[in-house]
Amino acid sequence: MADGVQNELLMSTTLIDELAEVAKDSAFTHGILMRLGKSPNSSEEVTYAPITLFPTPVPRALFLQGIAVQTHYNTLMNKISQDPDFLEEVLASTISVDDFTARLFEIHRQVLKKGRLQSIGLGLNRSDYMWEQENGHASLKQIEINTFAASFGGLASRTPNVHRHILQVAGQLEDSQRIIDNKPALGQAKAVAKAWELYGSKGAVVMFVVADKQFNILDQRVIENELWKGNIATIRKRFEDVSESGCLDGDKRLFVDHQEVAVVYFRHGEMPHHYKSEKAWDARLMMECSLAVKCPDISTHLAGTKKVQQVLSQPGVLERFFPDQPQVVEQVRATFTGLYSLDMGAEGDKAVAMALATPDRFVLKPEREGGGNNIYGQEICEVLGKVKNSAARMAYILMDKIQPESTPNYLLRMGKPLKMSNCVSELGFFGTYVRHGKVMLINDCVGYLMRTKSSGNSEGSVDSGMAGLDSVLLF
Ligand code: ADP
Ligand code: MG
């Protein structure tokens with residue numbers, strides 16, 4: 001935090017220790033909880049989710065920039081999902097060398113061949129940013145947009161309560177009032193409920209497709225609870241369950257365990273190892289070919305790939321999706337940092353040479369989701385050294401490394417010692433949309449996710465305990 005009182009606060013170890021205990025109890029009372037790694041399928045023992053002790057200051061202009069651009073990102077993801085030619089062209093190089101993306105693309109092809117049955121589109125995404133100084137002012141730079149299983153809308157809905165409380169106990173009343181309220185799970189449930197309603201079958205359920213190990217179930221439960229409040233039943237099924245007890249009727253309605261499914265909400269299935277057998281792939285295909293509303297459908301899943309992100313940053317590409325809207329193009333483009341293709345040819349050669357010469361300026365990203373896959377520093381040279389002259393390099397994109405400023409804070413994590421670190425934050429905005437035919441019935445920004453990690457860690461997932469949930473303190 002910016003002011004002197006806060007600096008004093010950060011230094012007083014007795015007070016910090018006391019506040020940390022208060023924060024943990026507050027996390028428990030507000031339900032910022034996770035199951036334990038050792039017992040991911042039981043709520044008998046749970047712990048608080050990793051959380052920062054203090055909220056992190058964010059300039060108001062940045063926060064407003066993220067909210068304002070989110071509805072355009074929703075529109076963009078929706079439009080790309082409806083543009084098979086674009087997806088085919090953009091992903092051609094990736095799928096020629098990346099088996100997982102190729103497999104997803106094959107499902108997309110099959111769905112198109114059979115003809116898309118469902119005209120209701122449901123998007124729940126999250127666009128993530130860091131910020132850095134640019135021409136004298138701070139500007140949001142997109143890390144990525146997650147169109148598949150964007151998580152933490154549930155726990156992030158509770159986080160401001162803890163940080164407000166901490167600042168009150170610490171005597172920082174004025175600052176406590178500057179913590180932004182956050183209700184993403186409510187907004188997400190509203191969009192799911194709208195899609196369910198449009199599907200038009202009172203007895204049909206919303207099916208969450210979930211992992212075997214469900215240690216972040218409590219985050220998802222917040223959305224489930226909101227749906228149940230509106231008398232919409234939810235069920236939780238794994239790919240295996242869908243494979244065993246799922247079928248399509250003559251009208252291609254999806255039934256799982258004899259229950260009709262109105263909405264399939266994927267919270268699992270973004271990584272290759274999530275498909276443990278051919279049966280899991282068959283189950284995915286069956287769901288995609290059904291009349292159920294998919295969140296996301298396969299084409300929206302592909303719209304969220306890193307390759308699409310890289311191509312969007314090339315001159316003229318955003319204009320394809322926002323013709324005659326130069327201001328929107330400008331607004332979206334302002335959030336891009338440098339992104340470079342590693343496709344074969346002169347442009348890709350140039351990017352390889354640049355990365356090899358100054359690896360610390362870049363992040364090398366394979367077409368993967370879920371954290372822990374990116375390549376930094378010297379390792380970029382090792383990886384590119386091996387693939388630089390072959391098509392295998394097309395499985396990656398290259399990105400400028402964003403250099404955010406750090407702020408001192410404490411991360412509270414089960415079993416870890418409490419110590420002050422220089423931290424950097426990643427701010428995500430949750431987008432929701434519901435499309436019926438060509439008409440967008442909902443297009444909203446419904447909240448934010450603030451995650452903060454020690455600046456020494458390259459990757460920052462809350463699941464892995466590297467980052468803590470945080471709140472925005474506007475200044
Ligand atoms: P994933 O799909 O695995 O979540 P991300 O693109 O979100 O991949 O990257 C994972 C993490 O790596 C981010 O949360 C962020 O902490 C860090 N990261 C990614 N891209 C950049 C970048 N361009 N500059 C700095 N850090 C980055
Ligand atoms: Mg990410």
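Me: Is Glu 426 buried or exposed?
Reply: Keep in mind that this is a predicted model. Glu 426 comes out at a relative accessible area of 12%, and the cut-off for buried is under 20%, so Glu 426 counts as buried.

Me: OK, and where is Glu 426 found?
Reply: In strand 18, which covers residues 420-436.

Me: Which residues is Glu 426 in contact with, leaving aside its neighbours within four places in sequence?
Reply: Asp 128, Tyr 129 and Met 130, then Ile 143, and also Leu 449, Met 450 and Arg 451.

Me: Switching topic to helix 5. How many residues does it have, and what's its reach?
Reply: Helix 5 has 16 residues, 99-114. From first C-alpha to last it reaches 23 Å, close to the expected 22 Å.

Me: Which residues of helix 5 are buried?
Reply: Phe 100, Thr 101, Leu 104, Phe 105, Ile 107, His 108 and Val 111. Looking down the axis of helix 5, those buried residues fall within an arc of 150°, so they line one face of the helix.

Me: What do they pack against?
Reply: Helix 4 (84-97), helix 12 (278-288) and helix 13 (298-303).

Me: And which residues are exposed on the other side of helix 5?
Reply: Asp 99, Lys 113 and Lys 114.

Me: What about the ends? What does the side chain of Asp 98 reach to at the start of helix 5?
Reply: One of its side-chain oxygens comes within 3.1 Å of the backbone nitrogen of Phe 100.

Me: What follows helix 5?
Reply: Gly 115, with a positive phi near 90°.

Notes:
Residues numbered from 1 in each chain as written. Chains lettered and ligands numbered in written order. Predicted model: local features only at pLDDT ≥ 70, side-chain atom pairs only at ≥ 80, totals over all residues. Heavy atoms only, no water. Helix = DSSP H or I, 4+ residues; strand = E, 2+ residues; numbered from the N terminus. Expected span 1.5 Å × (residues − 1). Buried < 20%, exposed > 50% of the residue type's maximum accessible area, 1.4 Å probe, protein only. Arc of directions from axis to C-beta. Contact = heavy atoms within 4.5 Å. Polar contact = N/O pair within 3.5 Å; in protein donor to acceptor, adjacent residues only side chain to side chain.
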